[in-house]
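Have a look at the model first, and then we can go through it together.

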Amino acid sequence: MKNLKIAIIGGGNLGSAIAKGLITADRVSPSNITITRRNLSAISHLSEFGVEFESNNPKAVAGAQLVMLAVKPYLIDEVAQEISPYVAPGTIVVSLAAGITSARVAAHFNQVLPVFCVMPNTAIAIGESMTFVSSFQATKEHEALVMDLFNQMGTALLIPEAQMAAATVLASCGIAYAMRYIRASMEGGVQMGFTAALSQQIVTQTVKGAAQLIAHSGNHPEAEIDRVTTPGGITIEGLNEMEHKGFTSSVIKGLMAAFNKVKNAK
Ligand SMILES: NC(=O)C1=CN([C@@H]2O[C@H](COP(=O)(O)OP(=O)(O)OC[C@H]3O[C@@H](n4cnc5c(N)ncnc54)[C@H](O)[C@@H]3O)[C@@H](O)[C@H]2O)C=CC1
Ligand SMILES: O=C(O)[C@@H]1CCC=N1
């Protein structure tokens with residue numbers, strides 16, 4: 001794994017986060033990772049990690065054993081076409097583009113290649129991603145390699161591609177929805193008199209504790225809520241007011257709006 005040569009095409013938010021995650025996990029040598037972007041100065045901060053930079057995509061993929069496509073979905077066809085003649089036989093192609101099928105990516109290559117759709121979230125930069133993987137034209141060995149790679153940077157699950165749209169919404173977009181809850185709570189904290197910085201510290205630790213409680217116990221969240229909620233007490237006042245204002249319904253409606261968007265991606 002250390003010697004695996006990886007090209008990351010598109011050093012934006014996700015591509016850079018993956019580069020950092022790979023290096024932090026210490027399973028791939030930084031010098032074996034090449035990251036591309038049209039404007040290289042925008043990713044110069046990654047030089048401290050020891051990765052290679054390249055503005056020429058064909059050069060970056062030549063010699064790579066695994067190529068990650070981390071450009072916006074509307075650029076996937078163009079980039080796959082561009083690199084197709086330079087990709088060595090047997091190269092593993094990982095598409096990170098939300099809403100783009102692996103068959104569509106695979107069709108751009110003039111040879112049969114193992115293609116994976118991989119959907120992480122930005123916590124991949126710190127090894128805490130929830131990542132989904134689906135495979136196309138791949139062997140069990142390819143699957144094991146890709147799963148091993150992404151399991152180094154959080155938790156990876158192999159799923160049928162048909163579930164990828166829902167997975168994208170719940171985990172990849174989901175990290176933004178969780179952040180929005182954190183921000184809302186922080187604003188409440190400021191209104192109650194905490195500084196923004198202290199409010200952030202309090203809410204961050206509280207949300208981390210909540211996530212770890214259910215992760216460790218496997219309990220349903222409502223069982224943990226029951227432990228907090230004194231009958232006729234303070235917590236239930238807040239919970240019920242949030243529900244009167246449509247908290248659960250808002251979250252589900254937001255998820256479904258995102259789900260419809262990703263299912264209709266072009
Ligand atoms: N940001 C996220 O949390 C997640 C993003 N994704 C997917 O990852 C992909 C990238 O998303 P982001 O990183 O958010 O976008 P981004 O816009 O931050 O990054 C894309 C990068 O590709 C570069 N680029 C554009 N054309 C290029 C080319 N021809 N050659 C090399 N680089 C080129 C852009 O300059 C940009 O820096 C998208 O397809 C998105 O659906 C998937 C899961 C999560
Ligand atoms: O918002 C987006 O389109 C991308 C896909 C998943 C997370 N970010």
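How far is an oxygen atom of ligand 1 from an N or O atom in the side chain of Arg37, and what is that distance? It is 3.0 Å. This is a predicted model, where local features need pLDDT of at least 70, side-chain atom pairs count only at pLDDT 80 or more, and totals for chains, interfaces and linings use all residues. Residues are numbered from 1 along each chain as its sequence is written, chains are lettered from A and ligands numbered from 1 in the order in which they are written, and side-chain values use heavy atoms, with hydrogens and water left out.

**Contacts of ligand 1**
- An oxygen atom of ligand 1 also lies 2.6 Å from a polar backbone atom of Val71.
- For Pro73, a polar backbone atom is 3.4 Å from an oxygen atom of the ligand.
- Of the 830 Å² of accessible area (Shrake-Rupley method, 1.4 Å probe) that ligand 1 has on its own, the protein covers 83%.

**Surroundings of ligand 1**
- Ligand 1 is surrounded by 22 residues (a heavy atom within 4 Å), and the closest are Asn13, Leu14, Arg37, Asn57 and Val71.
- That shell is made up of 11 nonpolar, 8 polar and 3 charged residues, with Gly counted as polar.

**Thr168**
- Thr168 belongs to helix 6, residues 164-191 (a DSSP run of H or I, at least four residues).
- The Thr168 side chain comes to 2.7 Å from the backbone oxygen of Met164.

Terms used: Polar contact = N/O pair within 3.5 Å; in protein donor to acceptor, adjacent residues only side chain to side chain. Helix = DSSP H or I, 4+ residues; strand = E, 2+ residues; numbered from the N terminus.
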